[in-house]
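Let's take a friendly walk through a protein model, looking at how some of its side chains pair up and where they sit.

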Amino acid sequence: MNNNIETFKLQHVALEFKVNEVKQTVTAIEKFIVPKFKLRFTTVGVSKLNIEKGDTFDVETGKKLARAKAEKEAFSRFKAELKKFLKWNMALDDKLNATIEKMNNYIDHQKEYIKTF
């Protein structure tokens with residue numbers, strides 16, 4: 001990847017955590033925007049205690065993990081939107097090229113027609 005090329009920005013807008021001490025879970029609810037596309041979405045990441053691994057419930061670690069999961073989901077969703085846009089753009093590119101070719105034909109026709117006068 002060329003690091004000199006400017007990329008579209010996925011911007012964090014808001015983050016809220018919900019801690020459930022009883023269920024020993026932490027949920028991150030994160031909002032994002034992509035200003036260039038006027039795209040807005042919310043993702044959710046959940047951190048659950050894994051007793052089988054010997055984990056102990058730690059709210060701060062749970063928040064970090066839940067947020068990382070929410071952000072991973074945001075990156076995935078943004079990538080999917082970009083792929084849709086790319087597909088649409090490729091179809092538009094084909095249509096633009098076909099229209100330009102048609103205009104070239106019309107111009108050539110008009111040039112020949114003008115010569116008849």
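Glu71 and Arg67 are four residues apart in helix α1, so about one helical turn separates them. In this predicted model, the two form a salt bridge, with their closest N and O atoms 2.8 Å apart. Side chains of opposite charge can pair when their charged atoms come close. Glu71 is partly exposed, with a relative accessible area of 23%, and Arg67 is partly exposed too, at 30%.

How many salt bridges does a search of the whole structure find? The search finds five. Another of them joins Lys63 to Glu60, whose closest N and O atoms are 3.9 Å apart. Both residues lie in helix α1 (residues 59-115), three residues apart, which is about one turn of the helix. Lys63 is partly exposed at 24% relative accessibility, and Glu60 is partly exposed at 48%.

Further along, Lys115 and Glu112 form a salt bridge with closest N and O atoms 3.5 Å apart. These two are three residues apart in helix α1, so they too are separated by about one helical turn. Lys115 counts as exposed because its relative accessibility, 62%, is over 50%.

Now turn to strand β3 (residues 39-48), where Thr43 has its place. Is Thr43 buried or exposed? Thr43 is buried, because its relative accessible area of 1% is under 20%. A polar atom of the Thr43 side chain lies 2.9 Å from the backbone oxygen of Ala70. Beyond its neighbours within four places in sequence, Thr43 is in contact with several residues, including Ala28, Phe32, Ala74 and Arg77.

Note on methods:
Residues numbered from 1 in each chain as written. Predicted model: local features only at pLDDT ≥ 70, side-chain atom pairs only at ≥ 80, totals over all residues. Heavy atoms only, no water. Buried < 20%, exposed > 50% of the residue type's maximum accessible area, 1.4 Å probe, protein only. Polar contact = N/O pair within 3.5 Å; in protein donor to acceptor, adjacent residues only side chain to side chain. Contact = heavy atoms within 4.5 Å. Salt bridge = Lys/Arg side-chain N within 4 Å of Asp/Glu carboxyl O.
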